[in-house]
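Dear colleague,

Please find below the structure that I am handing over to you.

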Amino acid sequence: MKPIILYGSSLSLYTGRPRSYFIKAGLDYREVTPVTQRFSDTIVPLAGGRRGVPTIETEEGEVIRDGVAIIDHYEKKRSNDFSPSTPKQLALSLLFDVIGAEGILRPAMHYRWNFPEQNASFLQFHFESMTPRGPKRAEHAEQVANAMRAACAGFGAVPETFALVEDLYVELMERLNTHFSRVPYFFGGKPSIGDFGMIAPFFGHLGRDPMPLSMMQRETVRLFRWVERMNRPEPDVGEFEVQDGEYLGEDEIPDSLVEVVKQIAIDFVPETTAAANCINQWLEQQGDGVAGKEVLRGVGIAQFTVRGVSISALAQPFRFYLLKRVQDYYAQLDSADQLAVLELFTQCNMQEVLATTLTRAIGRHENLEVWQ
Ligand SMILES: N[C@@H](CCC(=O)N[C@@H](CS)C(=O)NCC(=O)O)C(=O)O
């Protein structure tokens, strides 16, 4: 059987999600930087025309673009092995998948782009490696890097918000550190869909770029160990007394995990509400003409306030594409399980996101997200 080809890069946030999944699932894969002729000529046209990573060629030669779709493909094949089977754990695991995709972008981008003294040469090397070879390679790499630097501000990390972004991140690191000193993964002895979602910002950016990596190693070794563990094929749980490789029994959600989610809710909830309002207004202006069209990365600017600081951030429909999976899961539970999940989300200050929706759903067509 041919290995899976994973087009991606160590530097790329979103590649971290399927890479970790392949490692933990023991799947044979090769990571290839997306600069080959084959990528441009054969893969990109089958990936909706987008040069985005992660994109894979499966063992059978199928092309799949998007980390979430890639994991869905293998979870289906592997009987949902990395999805907890109990309601609270599964609902929270799906929520962490949303948070990993969009809820940690501000600190991830801030600690990458706003510390040039520590990060600049590291980033320059990687951006060049990801750019197709040619006479103007360095120039092209710089253009892409500049676009990403601008995206950092677009996600709301600007001088007026730096102190807030740093405070929230340090508090989150501390809470994650406490949680990972009790259990090796979010829900016990085995990684979940939520772990794979969260490793995206925590490996590619926060657990690898020189500035945030050194901070994590110095201040929160247990969090650092989770990042390391997520990229190793063996369980790598030597420091824990319980090494059963199982999710916690009886749908347990440890208090330390509730503290993590409460911390994330501080900006995730107001941002989700503001982004939904912004995208819904935009949808109203578009009318039915938008049906079948590709969903763009951002469709406006969401404005919200956290601890008295005003934040403007790109309103991204992808957040709601993933959030709908949490909401759909919740909707089909029986009433006792719904109550248990609602109580948990309320305890975490996340209850609002169970009901924050877009007025038009998002589907997938030929490897692109499209408005339905
Ligand atoms: N929804 C996608 C997002 C992937 C993404 O934004 N990847 C970045 C690099 S980390 C990229 O290639 N962007 C260009 C594009 O997607 O066309 C996923 O979860 O895989």
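Of the 13 residues around the ligand, which come nearest? They are Ser12, Tyr14, Arg50, Gly52 and Gly67, where a residue is near a molecule or strand if its C-beta atom, placed from the backbone, lies within 6 Å of it. The shell around the ligand divides into 7 nonpolar, 3 polar and 3 charged residues. Here Ala, Val, Leu, Ile, Met, Phe, Trp, Tyr, Cys and Pro count as nonpolar, Asp, Glu, Lys and Arg as charged, and the others, Gly among them, as polar.

Please note that this is a predicted model, in which local features need pLDDT of at least 70 and side-chain atom pairs count only at pLDDT 80 or more, while totals for chains, interfaces and linings use all residues. Residues are numbered from 1 along each chain as its sequence is written.

As to the overall fold, the protein has 14 helices and 8 strands (DSSP runs, H or I of at least four residues for helices and E of at least two for strands, numbered from the N terminus). Its radius of gyration, taken over C-alpha atoms, is 20 Å, close to the 21 Å that the globule rule gives for 372 residues, so the protein is as compact as a globular protein of that length; the rule is 2.2 Å times the number of residues to the power 0.38. Along the principal axes, the C-alpha atoms fill a box of roughly 60 × 55 × 45 Å.

The domain assignment, whose bounds come from an automatic or database source, gives domain 1 (4-77) and domain 2 (87-108 + 162-371). Their C-alpha centres lie 22 Å apart. In all, 21 residues of domain 1 are in contact with 21 residues of domain 2 (C-beta atoms, placed from the backbone, within 7 Å). On the side of domain 1 that touches domain 2, two or more residues each come from helix H1 (16-25), strand S4 (63-65) and helix H3 (67-77). H1 gives the most to that side, with 6 residues.

Buried residues make up 44% of the 372 residues; buried denotes 20 or more other C-beta atoms within 10 Å of a residue's own, with C-beta atoms placed from the backbone. In helix H5 (residues 105-113), 9 of the 9 residues are buried, so H5 is largely enclosed by the rest of the structure. Among them are Arg106, His110 and Trp113. The cover over the buried residues of H5 includes helix H4 (87-103), helix H6 (116-129) and helix H7 (137-154).

Yours sincerely

Conventions. Contact = placed C-beta atoms within 7 Å. Buried ≥ 20, exposed ≤ 12 C-beta atoms within 10 Å, placed from the backbone.
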